[in-house]
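Dear colleague,

I am passing on the structure that follows, together with some notes to read beside it. Please keep the model open as you go through them.

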Amino acid sequence: MGRYILLRHREIPDLHRLEVYVRHGGYEAWRKALTAMTPEQVIEEVKAAGLRGRGGAGFPTGLKWSFVPKDVFPKYVVVNADESEPGTFKDRELMEGNPHQVIEGALLAAYAIRAERVYIYVRGEYRWGARRLEAALAEAYPAGFIGRDVLGSGYSVEVAVHLGAGAYICGEETALLESLEGKIGHPRVRPPFPATYGLYGKPTVVNNVETLANVPPIIARGAAWYRTMGTEKSPGPKIFCLSGRVRRPGNYEAELGKITFRDLIFGEEYGQGLLGEGRSVKAILPAGASAPMLPASALDTPLDYESVQAAGSMLGSASVIVLDDTVDIVWAAYKMVRFFQHESCGKCTPCREGTYWLRRVYERLVAGRGRPKDPELLESIARQMAGKNLCPLGDFATSPVLSSLRHFRQEYEAYLRAAAEVAAPAGGR
C-alpha cells in the first residue's frame, strides 16, 4: 500500500483513466458490494468504520445512510462538490486527480440506500473537475460499472454531473437540492430532512466528495483496517488544506489526530514554516472562514474533531488558514464578515440583517471612525444572530467576530484609540 489512500493520484500517474484505476484495485469494492454484500451490510460496514462526514459537520456517514426509509422510491444520492469555503480545495484535487474513486464511493452509497440515480453537483468554477468526472463516467458506462444491470447483478444506477453557478449558499445541502431542482438556492426549513424529503421530495443522501472517496477502501479492506488509522472517535485519513502565510500551501493527507497544527504548519513534509524570517503565528482559522479562529497557544492541538472542538473551534472541512504577526486581525475579521454578507441568500432576517450591520460597523472601524461601544455592538449583533438562522451561514458569520473579540480584543482597542486621537483636536476646539 502506498502512502496515500485518498490522494493516490500523486503516486499513480494517470489514475484518472479507467484502465489505470482498475489496474490498481479500482471498482473492486463496487464489485464486492454487488456480488457479496447486501445494502444493509454496506451500511453496517461504513458504520463500523466510524467514517464521519468530511464536508464540515463530521456527522457519522453510515448513520446518515441508515435514516433513509427502505420502502419509499425513488431515492437519490447527491454528491456535494460545491466546494466554496474559503481556503478549501481538497475536493477539487480529488475530482481532477482521482475521479473514479469519488464515483465509486457514490455508487456504493446509492447501492446502500437502494437509489437508482446519482447527481454530482459541482461548483460552477470547477469546470475542469466537472470535465474530469464526465470523462470518467464516459469510461465507466461502457465498461459496465454504471447503467442497467451493473456487472450482471440486476441492480441499475445512473450518474450525472451538474454544474452550479458559484453560490456559497449552495454548499448547504438543502439549498443545493433547491438549486438542483432548478430553483433559487435558498435553504429549506427543517424538518423534514433530506433523508426523508430531499430531491424532488424523495429520500436523498447528500455526501461530500472527500467523504465518498473514503468509502471504496472501507468496503474493499474492511472497517477494522480503517480503524487502525486516526483516533477512536475520529478514525481514518483526512485531507488538510493549508494556506495563508506558509511557505508551502497545499493539500496534505494525514491520519486524524496524529498531527497537530504545529506539525501541519512547520513540518518538513507539510507547510515548512512561515513566509519571511522571524515571523510568528498570530491566529489559525481551522475551517476557513466558518469556524472560530484560534490563537497561537492552540498550535499543539491534535487535528481531530474532538480536540479542535475542545480548543474552542471546529475542524470542519480542515481548511487551515494561517495568519502571522503581520496580519491585522480586525481587518481579517472584516473581510470574512464582508464575504458572508455578500453570500447571504437573504431568506432569513437574522442572517440578512445581521451580516449587513456587522459589515457596517466593521467598515466604520477600519476607516478609523470607530466608536467606543463598537466592540460591544459587534458582540451584541453576533449573539442575536447565533442559533436563529435557517442554515449555518448566519452562525458562521458570527465566528470571526466573536472569536477575534475573545482572543484579540486589544487590536479593536487600538483602532478605537487611534480614532479617539484623530477626533481629539476637533473636540478640543
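**Notes on the model**

Ala318 is found in the loop between α13 (305-310) and β9 (319-324), where helices (H or I, at least four residues) and strands (E, at least two) are DSSP runs numbered from the N terminus. Phi of Ala318 is near 60 degrees, a positive value in a residue other than glycine. With a relative accessible area of 0%, Ala318 is buried, a term that stands for under 20% relative accessible area, while exposed stands for over 50% and partly exposed for what lies in between (1.4 Å probe, protein chains only).

Before going further, please note that this is a predicted model, in which local features need pLDDT of at least 70 and side-chain atom pairs count only at pLDDT 80 or more, whereas totals for chains, interfaces and linings use all residues. Residues are numbered from 1 along each chain as its sequence is written, and side-chain values use heavy atoms, with hydrogens and water left out.

Arg114, which is not a glycine, also has a positive phi, of about 65 degrees. Arg114 sits in the loop between α6 (99-113) and β2 (117-122) and is partly exposed, with a relative accessible area of 29%.

Two cis peptide bonds deserve a look: the bond from Arg190 to Pro191 is cis, with omega near 0 degrees, and the bond from Pro191 to Pro192 is cis, with omega near 5 degrees. Pro191 is placed in the loop between α8 (173-180) and β4 (204-208), and Pro192 is placed in the loop between α8 and β4.

Turning to the helices, seven of the eight residues of α5 (residues 90-97) are buried, so this helix is largely enclosed by the rest of the structure; among the buried residues are Leu94 and Met95. Helix α17 (residues 392-407) has 16 residues and should span 22 Å at 1.5 Å a residue, which agrees with the 23 Å between its end C-alpha atoms; the expected span is 1.5 Å times one less than the number of residues. A kink of about 25 degrees lies in α17 at Ser399, shortly before the proline Pro400, the bend being the angle between axes fitted to the seven residues ending at a residue and the seven starting there. The buried residues of α17 include Ser399 and Pro400.

Finally, the cysteines: taking a disulfide as a pair of cysteine sulfur atoms within 2.5 Å, the count comes to zero. Cys170 is in no disulfide, and the nearest cysteine sulfur, that of Cys345, is 9.1 Å away. Cys170 counts as buried at 5% relative accessibility, and Cys241 is buried at 0%.

With best wishes
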